[in-house]
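I opened this structure for the first time today and kept notes as I went. Here is what I looked up, entry by entry.

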Amino acid sequence: MGEMPAVWLLRFGLHGVFYVLLAVGLARVSGSWAALSAGVLLGAVYTVGLTLGRRRTASLVWLAAVALIWAALGLLTTDFVWLAFPLFFVCLHLLPLRAGLTAVIALTAVTVGTLALHESSLSPAQVVGPAIGAIAAVLMVTGYAALYRESEHRRGLIDELTRTRAELAATQHEAGVLAERQRLAREIHDTLAQGLSSIVLLLRAAPPDPSGYVAEAMRAAEDNLAEARRFVHALTPPGLDGSLEEALRRLCSREGAAFQLDGEPYTLPRRSEVALLRIAQGGLANVSRHAGASRAALTLTYMEDEVAMDIVDDGRGFDPLIRSGNGLGFIRDRATELGGAVTVESAPGLGTALAVTLPVS
């Protein structure tokens, strides 16, 4: 990803200021061979640094070389002293904050020392000027860093919103497909399958047919009944081709989570089984995507008048009062539609516990 135009313009302006001040200094020392040579060397070394890119060690060596050459120039003349201002920004950009502030203080001290070395008396302006320049550089860099962090935070929110919208659209599509599959399964079961079943029963009760037509019709009806039942089976929600416990066990195995069953299993309404499976899929997906957990466990508990499912992990956690993503919102919606409840307990660094309860009836 390329740099933002604002960052490119800031860097271009910073380097431009350095070269302008360097050119002014070279023009002023044109009569001094030693100062002129040292100034040209400083410009050449600074230019080399523009080609280093993100190689940190090489950049730090380059910064030290530039600072030393600049300080040595101060022994010869004061005409390059104001190069300290762009060097403030370079130090604050390449070094950590504390080290950068130390470097800025050192450059300011060298600047004042250079002026004192070549002047018979040091005026207050010659002390205050470099100090104000250093403070301005620190404030500008700090302000830019804060703006950059805010920009990155906003970009993260936009990315999360985009992902959430995509997930919402996928969830709505999945819900529509699931509802249509269930409708078709009910229609086939209640009409075609029931009709074929009645035909089979009537044919079985019919008197013997010497011609064999009744037996042939019964075989055809039985074959079509078996086919209709396969259609119904294929249209039931994916992942629930067996019991809910088996589906959850397979899901936990895929997600690397432990599974525990408490209580004696009993038959739940199909909608409740589908909701619990979908909630488990969403909850374990959140664990693997966001929690950074080393362990996770899912417990399914059958009680007298309700069924409960708990998902616990030892991940990074979060503050539910501050951040509650759409994933949890979808989970609450599924549970609420069936008269259930959702509880989330979490804190930064302490993992997360998600508890879902659904009534049996």
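By nonpolar core I mean a set of buried Ala, Val, Leu, Ile, Met, Phe, Trp, Tyr and Cys residues joined through side-chain atoms within 4.5 Å. The model I am reading is a predicted one.

**Cores.** I looked up the largest nonpolar core and found 33 residues. Leu244, Leu248, Leu276, Leu298, Leu300, Met309 and Leu354 touch the most other members. I then listed the elements that give two or more residues to this core: α8 (244–255), α9, β2 (296–302), β3 (306–313), α10 (326–337), β4 and β5. Helix α9 gives the most, eight residues. I also noted a second, separate core of 32 residues, with Leu22, Leu42, Phe89 and Leu107 among them.

**Leucine 354.** I asked what this residue touches, leaving out residues up to four places away in sequence. Its contacts include Gly283, Met309, Ile331 and Val342.

**The sheet.** I traced an open sheet of five strands in the order β1-β2-β3-β5-β4, with mixed pairing. Strands β1 (258–262) and β4 are the edges, and each pairs on one side only. From one strand to the next, the twist averages 10°. Strands β2 and β3 run antiparallel and are joined by seven bridges. In that pair, tyrosine 302 stands opposite valine 307 of β3.

**Helices on the sheet.** I checked α8 next. It packs on the sheet and touches β1, β2 and β3. Its direction makes about 175° with that of β2. Helix α9 lies across β2, β3 and β5, at about 10° to β3. I looked up the length of α9 (residues 270–291) too: its 22 residues reach 30 Å from first C-alpha to last, close to the 32 Å expected. Glycine 292 follows α9 and has a positive phi, near 60°.

Strands β4 (residues 341–346) and β5 (residues 352–359) pair in the antiparallel sense over six bridges. Glutamate 345 has alanine 353 of β5 as its bridge partner. Five residues lie between the strands, and glycine 349 takes a positive phi near 85°. Which side chains of β4 are buried? I found Val342, Val344 and Ser346 buried on one face.

**Cysteines.** I searched the whole structure for disulfides and found zero. Cysteine 91 has a relative accessible area of 5%, so it counts as buried, the cut-off being under 20%. Cysteine 252, at 1%, is buried as well.

Conventions:
Residues numbered from 1 in each chain as written. Predicted model: local features only at pLDDT ≥ 70, side-chain atom pairs only at ≥ 80, totals over all residues. Heavy atoms only, no water. Buried < 20%, exposed > 50% of the residue type's maximum accessible area, 1.4 Å probe, protein only. Helix = DSSP H or I, 4+ residues; strand = E, 2+ residues; numbered from the N terminus. Pairing = 2+ DSSP bridges. Expected span 1.5 Å × (residues − 1). Contact = heavy atoms within 4.5 Å. Disulfide = S-S within 2.5 Å. Axes fitted to C-alpha atoms, helices over the stretch in contact; angles between N-to-C directions.
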